[in-house]
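Please read these notes alongside the sequence and the model.

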Amino acid sequence: MNPQIDKMTPGSYIPTDYLPVLIFMMIAVAFGAGTLLVGSLFRLRRPYKEKLTPYESGNPPVGEPRYRFSIKFYIIAMLFVIFDVEAVFLYPWAVVYNKIGLYALIEMMLFIVILLVGYAYAWKKEAFKWD
Amino acid sequence: MNIPFPDLRPVTPEIIMTLSATALLILELIFKNKGVLAFIGILAAAAVMYIMPASMGETFGGMFISDSYSIFFKFIFIINLILTILISLRYIQRQKAEYGEYYSLLLFATAGMMLMASAKDLIILYLGLELMALSTYILAGIKRHDVKSNEAAIKYFLLGGFSSALLLYGISLLYGMTTTTDIYKIAEHLKATGVTTTLLLSMILIAVAFLFKIAAAPFHMWAPDVYEGAPTSITAFMSVGPKAAGFAVIGRVFYTAFQNIQTDWTTILIGIAILTMAVGNILAIVQTNIKRMLAYSSIAHAGYILLGIIAGTTEGLNAMMTYLFIYAFMNIGAFAIVIILDRGEELSDYEGLAKNRPLVAALMLVFMFSLTGIPPTAGFIAKFNLFTAVIKAGYTWLVIIAVMFSAISAYYYLRVVMNMYMKEMKQEAAIHLSPSLSLAILITVLMVLIIGIMPSMVIG
C-alpha cells in the first residue's frame with residue numbers, strides 16, 4: 001500500500017507544502033486592500049461632473065457597451081490561443097532540455113510540425129486576412 | 001534522467017490514422033477533386049486494418065495497450081470509417097457540403113475512437129474521447145448553410161462539453177483517492193481501500209459521461225435532434241462509431257477500475273438499460289421522420305447492448321462486441337438507403353416504394369428486418385447471442401423485458417416495410433445511384449445476410 005494514500009485520507013491530511021502559497025495570497029490581498037484604505041483616508045474629496053465620467057480625459061462613451069463583434073475577432077482569438085499554448089509548452093521543455101534527452105526533442109519537433117500544419121492550413125484558408 | 005524511446009509497434013495503427021488525417025488537411029488545399037481525398041482515406045483505413053492484428057502490446061509506460069479487446073473494437077471503427085466514406089462521396093456533393101476537411105475529420109474522429117479503445121490510462125482515454133467528440137461536433141454542422149445542421153452541431157457541442165466536464169470531475173476524484181490515473185493500478189488501490197461515498201460519486205460521474213456518448217436514457221436528449229440535423233452520412237457514422245467507442249471504454253473502465261463495486265454499478269446500469277429500452281422503443285413509434293426514428297432506434301439498441309455489460313461475464317462482453325459489429329452493418333445499411341433516395345427523410349416518402357423501386361425497397365426490408373431481429377438476418381443472431389449470454393448470467397427477467405421491448409420495436413420498423421409494400425405510390429421516387437454507394441450497400445447487405453445464415457463466422 002502506498003504510504004502517500006494514508007496521508008491523503010480526507011480530513012486528516014493538511015497540505016503544509018502549500019502554506020507559503022496561502023501566506024502569499026493573504027499578503028497580496030492585504031496589500032491591495034491596505035493601499036485603497038490608506039488612499040481613501042488621506043485623499044481630498046472634491047467630486048464634480050467631469051471627474052466622475054468613466055474616461056476623465058477621453059471621449060465620452062456613445063451607445064450600448066454590448067454589441068455583436070465581427071466573427072473575425074474570434075478567429076484571431078482562437079489562433080492566438082493555439083500558438084500561445086504552444087509557447088507555454090515550449091518553456092518547461094526548454095528549461096529541462098538538458099536532462100530529458102533526444103526523445104523529448106523529437107516529441108517537441110513533432111508537436112511543432114503538427115502545429116505548423118495547422119498554421120499552413122489557416123494561412124491558405126486566409127484566416128489571417130482581415131477583408 | 002533520459003526518457004527512453006517507447007516501442008512504437010502497438011501504436012502504428014493510430015500513427016497511420018493521425019498522419020493520414022493531417023496529410024488530408026494539407027492535400028485538401030492542393031486537390032480540387034475531393035474524391036481523391038476520400039480514396040486516400042480509404043487506403044489509410046485499409047492499411048490500418050491490414051497491420052492491426054500485428055500490433056499487440058503495451059507501450060508509453062503502460063498508458064496504451066493494444067489487446068484483442070481493443071483490436072476488435074478498432075475493426076468496428078475502421079469498418080465504420082470505410083462504409084461512411086463510401087456512402088458520403090456523392091451525398092455530400094448533393095448536400096453542398098463537399099469540403100476536404102470532411103474526410104480529414106472522419107479520420108481524426110476514428111483515431112480518437114481507436115485511442116479510447118486502447119486507453120489503459122484515464123488521461124489517454126479522455127484525450128481520445130475529446131479528439132473523437134470535437135471532430136464529430138464539426139461534422140454534425142458541416143452543412144454550414146443549413147440551420148438544422150448548425151443547431152445539431154451547437155446542441156451536440158454544448159451537451160458534449162458538459163459530459164466531458166463531468167468525466168473530468170469523476171477522473172479527478174478517482175485520482176484524489178488513488179494518486180494514479182492508470183486503470184489497472186486504480187483497481188488495485190480500490191481493492192485495498194474499500195467502498196467509499198467518494199468512490200461511488202466518481203463512478204456515477206464517469207458513468208454519466210460514458211452513457212451520454214452511447215445515448216442511453218436519460219442522457220439521450222441530444223440524439224434525435226443531432227441525428228436529424230446532421231448530414232445523413234454523418235448520422236450513420238455517429239450512430240455506430242462513438243457508440244461503439246463508448247461501450248469499449250465502459251467495458252474497460254467498469255470491468256477493471258470499478259471491479260470492487262460491480263454490484264453498485266450493475267444496479268445503476270440495470271435501471272438505465274430498462275429506461276433506455278423503454279424511451280427508445282416507445283418514442284420511436286410516434287416519429288414521422290425516419291432519421292429521428294432511427295435515432296430512437298439507436299437509443300433502444302444501446303439499451304440492449306448495455307445488457308451485455310450488466311451480465312458481468314466474458315460471454316456477455318463477447319456478445320456485446322458481436323452485437324456492435326453486426327449493428328454497424330445493419331445501421332449503416334439502413335442509412336445508405338435513406339441516402340440513395342432523393343427524398344427519403346420522411347416516413348411518407350416510402351409509400352409505394354416497392355412498386356416503383358423494387359430493389360431499393362427489398363434492401364430496406366432486409367435492414368429493417370435485421371434491426372427488428374427477424375431471422376435469417378444478422379440482427380437476429382446479434383440479439384439471440386446477447387440474450388443467451390445474459391440469461392446464462394442469471395438475468396432472465398431482464399431478458400424478458402428486453403424481448404418485450406423488442407416486440408414493440410417491430411411496430412415501427414415494420415411500418416416502414418408496410419409503407420413500402422402495402423401503400424399506394426404518391427409519386428415516383430428518384431434515386432441517386434453511384435458506384436461507391438452501391439458498393440457500401442452491397443457490403444452491408446451481404447454481411448447482414450451471410451452472418452444471418454452462417455452465424456459461426458462471428459460467434460466463437
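This is a predicted model: local features need pLDDT of at least 70, side-chain atom pairs count only at pLDDT 80 or more; totals for chains, interfaces and linings use all residues.

1. Residues are numbered from 1 along each chain as its sequence is written, and chains are lettered from A and ligands numbered from 1 in the order in which they are written.

2. Chain B contains 18 helices and two strands (DSSP runs numbered from the N terminus, helices being H or I of at least four residues and strands E of at least two). Its radius of gyration, 21 Å, is close to the 23 Å that the globule rule gives for 460 residues, so chain B is as compact as a globular protein of that length; the radius is taken over C-alpha atoms, and the rule is 2.2 Å times the number of residues to the power 0.38. Along the principal axes, the C-alpha atoms of chain B fill a box of roughly 70 × 60 × 40 Å.

3. Buried residues account for 56% of the 460 residues in chain B, where a residue is buried if 20 or more other C-beta atoms lie within 10 Å of its own, exposed if 12 or fewer, and partly exposed in between, with C-beta atoms placed from the backbone. Of the contacts in chain B between residues at least 6 apart in sequence, 79% join residues at least 24 apart; a contact requires C-beta atoms, placed from the backbone, within 7 Å.

4. Chain A has five helices and zero strands, and 0% of its 131 residues count as buried. Helix α4 of chain A (residues 71-95) has 25 residues and reaches 37 Å from its first C-alpha to its last, close to the 36 Å expected (1.5 Å times one less than the number of residues), and the count of buried residues in α4(A) is zero.

5. How do the axes of α10(B) and α12(B) cross? The axes of α10(B) (residues 232-257) and α12(B) (residues 290-311) come within 11 Å and cross at roughly 15 degrees; axes are lines fitted to C-alpha atoms over the stretch in contact, with angles from 0 to 180 degrees between N-to-C directions. The two helices are therefore roughly parallel to each other, whereas α1(B) (residues 12-30) and α2(B) (residues 34-51), whose axes come within 9 Å and cross at roughly 170 degrees, are roughly antiparallel. Angles under 35 degrees count as roughly parallel, over 145 as roughly antiparallel, 65 to 115 as roughly perpendicular and the rest as oblique.

6. I451(B) lies in helix α18 (residues 435-453) of chain B and counts as buried, with 26 C-beta neighbours inside 10 Å. Leaving aside residues up to four places away in sequence, I451(B) touches I326(B), A378(B), I381(B), M457(B) and V458(B).

7. The loop between α8 (197-213) and α9 (222-229) of chain B holds P218(B), which a cis peptide bond joins to A217(B), with omega about 0 degrees. A215(B) is in that loop between α8 and α9 too; its phi is near 60 degrees, a positive value in a residue other than glycine, and A215(B) is buried, with 29 other C-beta atoms within 10 Å. T179(B), with phi near 55 degrees, counts as partly exposed, having 15 C-beta neighbours inside 10 Å.

Notes
Two residues are in contact if their C-beta atoms, placed from the backbone, lie within 7 Å.
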